[in-house]
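Please read the following report alongside the sequence and the structure shown here.

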Amino acid sequence: MAEIEDVLRRASRAAEPGRVRVVPVGTCVRSGCDGKLRAVIKLDSASGARHSDIRCSADPEHAWLADEWARLASEAAHTPRQPRRLWYTVAEVEALAKIKSGSVYRLASQFNWRRRKVAGKVYYCARDVDAHVKTDRPAA
């Protein structure tokens, strides 16, 4: 029975690979927590709606819904920070700027964002992204 469930789960992932995306955000902003924050972006295939939240890997109580991200940014501004990101993936720009991938590619082309490709994945220069889109990422 477990083998059948595993096959069904794998088939479901193969049929709908884009249902959930996880984007690393940084270290947890809560005092004394060593967890990593990740934005979890869920796509409802029926309606096309996106549901997002940020979760901590160490403590499930450390979680923020999309409408609370501004408060999270404020908390992050008052905590020791990790080094500034230099490059973003398309998925990271989508999550930070709350725009669709097509808009990311359009903006990149329109404003000639510097890009690099590593192992088949496209990365855009964070300074170029920050200069042209409003993101929920706190300024460094």
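## Helix α3 and its burial

A residue is called buried when its relative accessible area is under 20%. By that criterion, the buried residues of α3 are V90, E92, V93, E94, A95, L96 and A97, and the helix, which spans residues 90–97, is mostly covered, with seven of its eight residues buried. The residue that follows α3 is K98, which has a positive phi, near 55°.

## Confidence of the model

This is a predicted model, and the mean pLDDT of the protein chain is 77, with 71% of its residues reaching 70 or more. Among the elements of the chain, the lowest mean pLDDT, 66, belongs to helix α1 (residues 2–15), whereas the highest, 92, belongs to helix α4 (residues 101–110).

## D53 and its surroundings

D53 lies in strand β3, which covers residues 50–56, and is buried, with a relative accessible area of 14%. When neighbours within four places in sequence are left aside, D53 is in contact with R38, A39, V40, W64, L65, A66 and W69.

## Two salt bridges

The count of salt bridges comes to two. In one of them D53 pairs with R55, the closest N and O atoms being 3.0 Å apart; R55 is partly exposed, at a relative accessible area of 34%.

In the other, D128 pairs with R114, with the closest N and O atoms 2.9 Å apart. This pair links distant parts of the chain, since D128 is in helix α5 (residues 126–132) and R114 is in the loop between α4 and β6 (115–118), 14 residues apart. D128 is buried, with a relative accessible area of 12%, while R114 counts as partly exposed at 47% relative accessibility.

Definitions and conventions
Residues are numbered from 1 along each chain as its sequence is written. This is a predicted model: local features need pLDDT of at least 70, side-chain atom pairs count only at pLDDT 80 or more; totals for chains, interfaces and linings use all residues. Side-chain values use heavy atoms; hydrogens and water are left out. Helices (H or I, at least four residues) and strands (E, at least two) are DSSP runs, numbered from the N terminus. Buried means under 20% relative accessible area, exposed over 50%, partly exposed in between (1.4 Å probe, protein chains only). Contact means heavy atoms within 4.5 Å. pLDDT is the predictor's confidence in each residue, from 0 to 100. A salt bridge is a side-chain nitrogen of Lys or Arg within 4 Å of a carboxyl oxygen of Asp or Glu.
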